[in-house]
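Student: I should like to work through this protein step by step. May we begin with its overall organisation and then turn to single residues?

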Amino acid sequence: MIKIAMPQKVIENHKKYYREKVLPDIQDELNKLNDSEGLNGIIAYKNFLSLCLDNWEKFAIGSVAELRVLDDQLCKQWDDLKNDKEKVSSIFLKAYDRFIYVPKKLIKQWENNVDPKDMEWCAYTYLKMLSNLQVCPYCNKNFIHPTLTEDGKVRGDLDHFFSKEKHPYLALSIYNLIPCCRYCNSSLKGKQEFNVENIISPYEVSYNDLFEFKGPDSPSEGIQIVNNDEDVLVDEYLEMFKIKERYQNNRDILEKFQQKNQEYGSAFIEQFNMNFGLGKLQISIREFWSDFYDYPLNKEDIDKNIMSKLKRDLAVDVLGHEWLKGDK
Ligand SMILES: [Zn+2]
């Protein structure tokens, strides 16, 4: 799992959007309730909406840790709502539906290559502004960058780390919207929820340092995964997204590494260096191998291409490129 860096401009845009597009809906609903004071159920509903207004910045742009605290604090008030839970859900889920809708103006801006930070704010702009993240942070197997044209559009999904069924009031909290691929979101995670109390979100840290892909010990085995510290949360993550099973479809990468390694061992590089001279090409041996096997030399670049984690790990295990370990 890749750690996602949140650009400051995303925070600013989302805060403005939430203030202008979500708060008025909550305020309107509260105004409507003003004449109905005295009924217990409605008081609970009013109290909940007031909490949403008073803490709106935390709802909109609070970090994952802040959302956990907020969610804990709201637990009792949420239960008190009883039948009014649906009304609260409706306000936030409608706001989320608006956020994922493509405004007409955006298509023109997209075509004219307007700076993303100045585009109409919606799910597409959010993904476009996370320009460093080109791949699904959960699986690193699929691209998620958005494309928008007059007659067609496609983008990565937004997974609700705190599910919108159980925590609808966090449906439009920016740190709760994890860009990811459709396999990871709809097909595998679906409505399941992580153990959100403990498990980390891609907005907190990466799991990539905690497990490694390895080549098989015997030809009958597939690609292996080692959970270095036998961390149960890493196991939960690997299991939820079926990481080991899905990577068995990428044995061709392993086989290509093994085949190239046999054909072009260290003798090849010595011969190559003697004939052409890497110095003349102005690249180091490490850069040469990274180009030759098509893996990123820096671990910070894992988020730019699919299969990068698998390739880097196999480069250590199968090819013995130990220098990548220090840069895990
Ligand atoms: Zn994925």
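Student: Which domains does the domain assignment give for the protein?

Tutor: Please keep in mind that this is a predicted model. The domain assignment divides the protein into two named parts, domain 1 (8–189) and domain 2 (211–327).

Student: How far apart do the C-alpha centres of domain 1 and domain 2 lie?

Tutor: The C-alpha trace of the protein spans about 85 × 45 × 30 Å along its principal axes. Between the C-alpha centres of domain 1 and domain 2, the distance is 37 Å.

Student: How many residues does the contact take from domain 1, and how many from domain 2?

Tutor: On the side of domain 1 that touches domain 2, the residues divide into 7 nonpolar, 4 polar and 2 charged. The contact takes from domain 1 13 residues, and from domain 2 13 residues.

Student: Which residues have the most contacts inside the largest nonpolar core?

Tutor: Of the 328 residues in the protein, 30% are buried. The largest nonpolar core contains 67 residues. Both domain 1 (8–189) and domain 2 (211–327) supply at least three residues to this core. Those with the most contacts inside the core are Cys 136, Tyr 138, Cys 139, Leu 172, Cys 180, Cys 184 and Leu 314.

Student: With which residues is Cys 136 in contact, leaving aside its neighbours within four places in sequence?

Tutor: Cys 136 is among the core residues with the most contacts. With neighbours within four places in sequence set aside, the contacts of Cys 136 are Lys 141, Asn 142, Ile 144, Gly 156, Cys 180, Cys 181 and Cys 184.

Student: Is Asp 71 buried or exposed?

Tutor: Asp 71 has its place in helix α4 (residues 64–80). Not counting residues up to four places away in sequence, Asp 71 touches Phe 162, His 167 and Leu 170. Inside 10 Å there are 20 C-beta neighbours, and a residue with 20 or more is classed as buried, so the answer for Asp 71 is buried.

Student: What distance separates the C-alpha atoms of Asp 71 and Tyr 169?

Tutor: Along the chain, Asp 71 and Tyr 169 are 98 residues apart.

Student: How far apart are the end C-alpha atoms of helix α11?

Tutor: Helix α11 (residues 251–263) has 13 residues. At 1.5 Å a residue, the helix should span 18 Å. The model agrees with this expectation, because the end C-alpha atoms are apart by 18 Å.

Student: Which residues of α11 are buried, and where do they lie around the helix?

Tutor: The buried residues of α11 are Ile 253, Leu 254 and Phe 257. Seen down the axis of α11, these residues fall within an arc of 100 degrees, so they line one face of the helix. An α-helix has 3.6 residues a turn, so residues three or four places apart point the same way. The buried residues Ile 253, Leu 254 and Phe 257 therefore lie on one face of the helix.

Student: Which exposed residues does the face of α11 turned away from its buried side carry?

Tutor: The buried residues of α11 pack against α14 (285–293) and α15 (308–317). The face turned away from the buried side carries the exposed residues Asp 252, Glu 255, Gln 259, Gln 262 and Glu 263.

Student: Which residues does Asn 261 touch, not counting residues up to four places away in sequence?

Tutor: Asn 261 is found in helix α11 and is partly exposed, with 16 other C-beta atoms within 10 Å. Asn 261 and Leu 319 are 58 residues apart in sequence, yet their C-alpha atoms are 6.6 Å apart in space. With residues up to four places away not counted, Asn 261 touches Val 318 and Leu 319.

Student: Is Arg 312 buried or exposed?

Tutor: Arg 312 is found in helix α15. Not counting residues up to four places away in sequence, Arg 312 touches Tyr 295, Pro 296, Lys 299 and Leu 324. With 27 other C-beta atoms within 10 Å, Arg 312 is buried.

Student: What is the phi of Asn 113?

Tutor: Asn 113 is found in the loop between α6 (104–111) and α7 (123–129). Asn 113 is exposed, with 7 other C-beta atoms within 10 Å. Although Asn 113 is not a glycine, its phi is positive, at about 55 degrees.

Note on methods. Residues numbered from 1 in each chain as written. Predicted model: local features only at pLDDT ≥ 70, side-chain atom pairs only at ≥ 80, totals over all residues. Helix = DSSP H or I, 4+ residues; strand = E, 2+ residues; numbered from the N terminus. Buried ≥ 20, exposed ≤ 12 C-beta atoms within 10 Å, placed from the backbone. Contact = placed C-beta atoms within 7 Å. Core = buried A, V, L, I, M, F, W, Y, C linked by C-beta atoms within 7 Å. Domains from an automatic or database assignment. Expected span 1.5 Å × (residues − 1). Arc of directions from axis to C-beta. Nonpolar A, V, L, I, M, F, W, Y, C, P; charged D, E, K, R; others polar.
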